[in-house]
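Hi,

Here is the model I said I would pass on.

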Amino acid sequence: MIGRTALVGILGAALAAAPQTTFKSRVEAVRVDALVTDHGQPIRGLTAADFEVLDNGVAQTVELVSFEQIPLNVILTLDMSDSVAGDRLDHLRDAGRSALATLEKGDQSALVTFSHAVTLAAPLSGDASAVRDALARAEGAGETALVDGVFAGMMIGESDAGRALQIVFSDGLDTVSWLTPPAVLDAAKRSDVVVYAVSVKTSVKPEFLRDLTQFSGGRLYELEKTADLASTFKAIVDEFRHRYLVSYTPRGVAKDGWHRLDVRVKRSGATVKARPGYLAGS
Amino acid sequence: MIRLALAVMMTLQAPGAKFSAPPLTMSAGDIERVKLWIEAMVDHRPGETDASLETVRLWSNDDLRTLWINASVLLARMHEEQGKSFSFSIAGVHIGNSKTNVYTVESDGKTREIHYTADQSRQMRSLACAIAGNVHCVGVPTPGPRAAELQELLRIADRVHESGDQNFVLRRGAMLHADIATGALMPAPATASAAFPAPRQMRLQMFDGLETDRHEVAIHWILGRLLLDAVTPAGKKSPAAGADGFVRAWYRATAAWMQKGEDFDTVHVARAVTLFPNDPDLLFLAGCEHEAFASPAIAAAVAVAVPPKDFGFDIGSPRAELDFAEAYFRRALKSQPSMMEARLHLGHVLLEQRRFNDAALMLRDAAQDDGARQYYRWLFLGTAEEGIARYDAAAQAYRRASALQPGTQAPLMALSELAWRRHDIAAVSRELQRLAALSPDPLTRSDPWWTYHTSAGHDADQLLDAVRDRLREPEAAR
């Protein structure tokens, strides 16, 4: 993203309680994860020449398009408040394991749980068993700090250069977060992390998760019952793996402020799902 | 500490029944209950779970509602015996003027008569004389079936008379009902009869933004308020609860208790500020109540809860509640400009309204004398400074909050979010490392932020004790 000068491998490492902190410099490029489909089916084999990116209406030169071969960083961000207990907790654990089962060599995963307390339960690493173990230990208790939990998970996603997918599950509304939805939505606009969220249908609309997934270019699933969680989590990772990573260095646009993005594919019938823009500067 | 549950009282907004029914009559047991009630009020030792408290606590809600009707009549007669006359209006039901043995319940333009027999009317007069401390009109305990009862009433009248306080029973009764309502043993009585012309209240209990229970509650707070509405302060000739120091202290303590336990009763606090419109402490607590109503924990549950027929919450949208809170805090500060706790809460309300500059101005000059409140102040000030892009000042404020409460989550979230806003990746990482170092067991974690809305009730226990102490003091001290 524009203006950001460093990436860190630090957080995951720090959580693993040891390795040397490392910083890598980064080109001021913009990365956009884009899902390209035709009648719901991913279109494969596209190249940079097939993409057209408008940044605040100014056409950009797409420098890099990658598909599938880039490892994923999957950050599970799961509600462990009081309402998640019994069957629902079992379903959630199954869903987490289902997502982890889809990981491939080079992929990494992490687990953040939240009730009133946000817990970095398993650091970002290639050892999925650590996440599985942490999932098995997690228990539902307390209130819901959804917004705080989402932010912590997003920052873990930002802590590594890999493509970050954050999968958020919550069955309730935020009741005790310190951070506000506008602040975290702002943070999401500055982040490359793509957020997919799963909530349980109630009479109250999950507005925060809806806005969050929209700004990050992800998707919101509202389930009738948590028995469908495992298939949903698996479907999310599958879909994310079939997204293109489009990269360009912005030219001819202001450095700061909101940048409206329009990502198109020069092929009839193609539908593109990508984040609607990004925020640069403070 | 984490929140266990919170509750909001639903209040009868219009009586369910159209009171065109036949006149209501009282049984001998109903009148006997009035006598037992008076004895309990007089004999209860404030703050203790004694036999008097147990007697009243175990009455059903319909028993208490019948008592409410008789108590209203009794209080009117008490003042008649003192040569005064007034009527009551509370919770949508009105007790009008008396004829000989007939009283009228009036509500919503509908009326229903209450008929006492001649004997019951005599008994009520004796009871009224007793609580008025008028030993001469209680009656003469000549040998007969009422002798023991009259002896007991004379004992009460003597005690009231000796206390030198014509409101002796009223004050002790209000404390008895407060002791029951604030006690851990308070029962959840069965649903009351909707057709019965007396107030009702329901409690909506919630946790984590969801309704967990709803039930009819015993009307102890309503009875307490009814008693205190009849208080005639020293030097006054008619009831003037708003001029009485004990009444003020009772409302302040009980409203603080409600705030501390997040057991909210809008009618209670509204009555307090109606009686004492310029009292900074009560205005402050009213502001805190509305501030809490705007919080997600309550707003989310109330937004989806459907009250039973004829009941309502008296809770508006979060935006409206914040406006109410702001107005009350400003009134509190107008009455007492040095009230730093009001500045703190007003600052938070302004933040919620996203008026960051106003919030910063308020909070910079809101020094607190308590650890948790200092923590809130620095957290809130950090957010206000961040909102107006004074990032260094914001970071400094958050760090001060973190230093005050080192094991807490909120300042770490704030600092990492601020660092992300400033593209300071190393700082983001540093703060999240500190977050990662907190206990993985949520139940062992603590953050005053999680119980912010209870904080205004921090002195509730001391205030309640102080009210109880006043009942042991002579009238001159009240």
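**Chain A overall**

In chain A, 75% of the contacts with a separation of 6 or more are between residues 24 or more positions apart. Bear in mind throughout that this is a predicted model. Chain A has 7 helices and 17 strands, and 50% of its 282 residues are buried.

**Two domains in chain A**

Where they meet, 12 residues of domain 1 of chain A are in contact with 11 residues of domain 2 of chain A. On the domain 1 side, the elements giving two or more residues are strand 3 (30–38), strand 16 (271–274) and strand 17 (277–280) of chain A. That side of domain 1 of chain A is made up of 6 nonpolar, 1 polar and 5 charged residues.

Val194(A) sits in strand 12 (residues 194–200) of chain A. Is Val194(A) buried or exposed? Val194(A) has 26 other C-beta atoms within 10 Å, and the cut-off for buried is 20 or more, so Val194(A) counts as buried. Setting aside neighbours within four places in sequence, Val194(A) is in contact with Asp33(A), Ala164(A), Leu165(A), Ser216(A), Gly217(A), Gly218(A) and Phe240(A).

**Where the two chains meet**

How many residues does each chain put into the contact? Chain B gives 34 residues and chain A gives 40 residues. On the chain B side, helix 11 (296–304), helix 17 (410–421) and helix 18 (425–436) each supply at least two residues. By class, the side of chain B that touches chain A has 22 nonpolar, 6 polar and 6 charged residues.

In soluble globular proteins, nonpolar side chains tend to be buried together. Here the largest nonpolar core has 213 residues, and the members that touch the most others are Val112(A), Phe151(A), Ile167(A), Ile38(B), Trp68(B) and Leu379(B). Helix 3 (residues 61–81) of chain B gives the most to this core, with 10 residues. A second, separate core has 18 residues, including Leu35(A), Val246(A), Val265(A) and Ala280(A).

Not counting residues up to four places away in sequence, Ile167(A) touches Val74(A), Leu76(A), Thr77(A), Ala99(A), Tyr196(A), Phe233(A) and Ile236(A).

**Two helix pairs in chain B**

Helix 1 (residues 28–43) and helix 4 (residues 118–132) of chain B have axes that come within 10 Å and cross at roughly 10°. Angles under 35 degrees count as roughly parallel, so helix 1 of chain B is roughly parallel to helix 4 of chain B. From helix 1 of chain B, Ile31(B), Val34(B), Lys35(B) and Ile38(B) meet Gln120(B), Gln123(B), Leu127(B), Ala130(B) and Ile131(B) of helix 4 of chain B. The residues of this contact divide into 6 nonpolar, 2 polar and 1 charged. Ile38(B) has already come up, as one of the residues with the most contacts to other members of the largest core.

The other pair is helix 6 (residues 168–182) and helix 8 (residues 245–261) of chain B, whose axes come within 11 Å and cross at roughly 5°. Helix 6 and helix 8 of chain B are therefore also roughly parallel to each other. Arg171(B), Ala174(B), Ala178(B) and Thr182(B) of helix 6 of chain B make the contact with Phe246(B), Trp250(B), Thr254(B) and Trp257(B) of helix 8 of chain B. By class, that contact has 5 nonpolar, 2 polar and 1 charged residues.

**Two positive phi values**

Asn56(A) is a residue other than glycine with a positive phi, near 50°. Asn56(A) is in the loop between strand 5 (51–55) and strand 6 (58–60) of chain A, and with 16 C-beta neighbours inside 10 Å it counts as partly exposed.

His423(B), also not a glycine, has a positive phi near 60°. His423(B) lies in the loop between helix 17 and helix 18 of chain B. His423(B) is partly exposed, with 18 other C-beta atoms within 10 Å.

Cheers

Technical notes. Residues are numbered from 1 along each chain as its sequence is written. Chains are lettered from A and ligands numbered from 1 in the order in which they are written. This is a predicted model: local features need pLDDT of at least 70, side-chain atom pairs count only at pLDDT 80 or more; totals for chains, interfaces and linings use all residues. Two residues are in contact if their C-beta atoms, placed from the backbone, lie within 7 Å. Helices (H or I, at least four residues) and strands (E, at least two) are DSSP runs, numbered from the N terminus. Ala, Val, Leu, Ile, Met, Phe, Trp, Tyr, Cys and Pro count as nonpolar, Asp, Glu, Lys and Arg as charged, and the others, Gly among them, as polar. Axes are lines fitted to C-alpha atoms, for helices over the stretch in contact, and angles run from 0 to 180 degrees between N-to-C directions. Angles under 35 degrees count as roughly parallel, over 145 as roughly antiparallel, 65 to 115 as roughly perpendicular and the rest as oblique. A nonpolar core is a set of buried Ala, Val, Leu, Ile, Met, Phe, Trp, Tyr and Cys residues joined through C-beta atoms within 7 Å. A residue is buried if 20 or more other C-beta atoms lie within 10 Å of its own, exposed if 12 or fewer, and partly exposed in between; C-beta atoms are placed from the backbone.
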